[in-house]
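Here's a quick tour for anyone meeting this structure for the first time. Have a look at the sequence and the 3D view, then read on.

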Amino acid sequence: QVQLVESGGGLVQPGGSLRLSCAASGRLFVVNILGWYRQAPGKGREMVATIHSGGGTNYAESVKGRFAISRDNDKNTVNLQMNNLKPEDTAVYYCNYFPGNVWGQGTQVTVSS
């Protein structure tokens with residue numbers, strides 16, 4: 001059983017930065033994918049960024065050049081550095097582990113002046 005715990009959300013002004021972190025615990029496969037997804041009010045959950053245990057990354061077009069995902073395989077953590085935040089980035093951000101499709105509890109990110 002894998003558990004995920006996110007941290008780092010909050011309120012930030014447009015153009016600001018935030019860093020999200022997610023710690024995974026339990027029995028993880030050596031080969032896995034950790035990712036960040038988000039869900040804005042009234043919208044479906046969408047992929048933001050994913051990173052394979054081998055290092056390969058994937059980003060949503062809307063965040064390319066602004067967000068950066070990274071991971072520490074020894075500590076089983078994944079981070080999302082978010083720069084130049086926009087109001088449309090406001091959402092609950094969820095950490096995800098694959099295989100198993102495990103979700104964290106979510107952390108709120110609000111971008112507003």
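A disulfide here is a pair of cysteine sulfur atoms within 2.5 Å. Searching the whole structure turns up 1 disulfide. Keep in mind that this is a predicted model, where local features need pLDDT of at least 70, side-chain atom pairs count only at pLDDT 80 or more, and totals for chains, interfaces and linings use all residues. Residues are numbered from 1 along each chain as its sequence is written, and side-chain values use heavy atoms, leaving out hydrogens and water.

**The disulfide**
- Cys22 and Cys95 are the partners, with sulfur atoms 2.1 Å apart.
- The pair ties together distant parts of the chain, 73 residues apart: Cys22 sits in strand 3 (residues 18–26) and Cys95 in strand 9 (residues 91–98).
- The S-S torsion is about -85 degrees, so this disulfide is left-handed.
- Both Cys22 and Cys95 are buried, meaning under 20% relative accessible area with a 1.4 Å probe, counting protein chains only (exposed is over 50%, partly exposed in between).

**The fold**
- The protein chain has 11 strands and 0 helices; these are DSSP runs numbered from the N terminus, with strands (E) of at least two residues and helices (H or I) of at least four.
- Its C-alpha atoms fill a box of roughly 40 × 25 × 20 Å along the principal axes.
- Of the 113 residues in the protein chain, 39% count as buried.

**Contacts**
- Among contacts (heavy atoms within 4.5 Å) between residues at least 6 apart in sequence, 52% join residues at least 24 apart.
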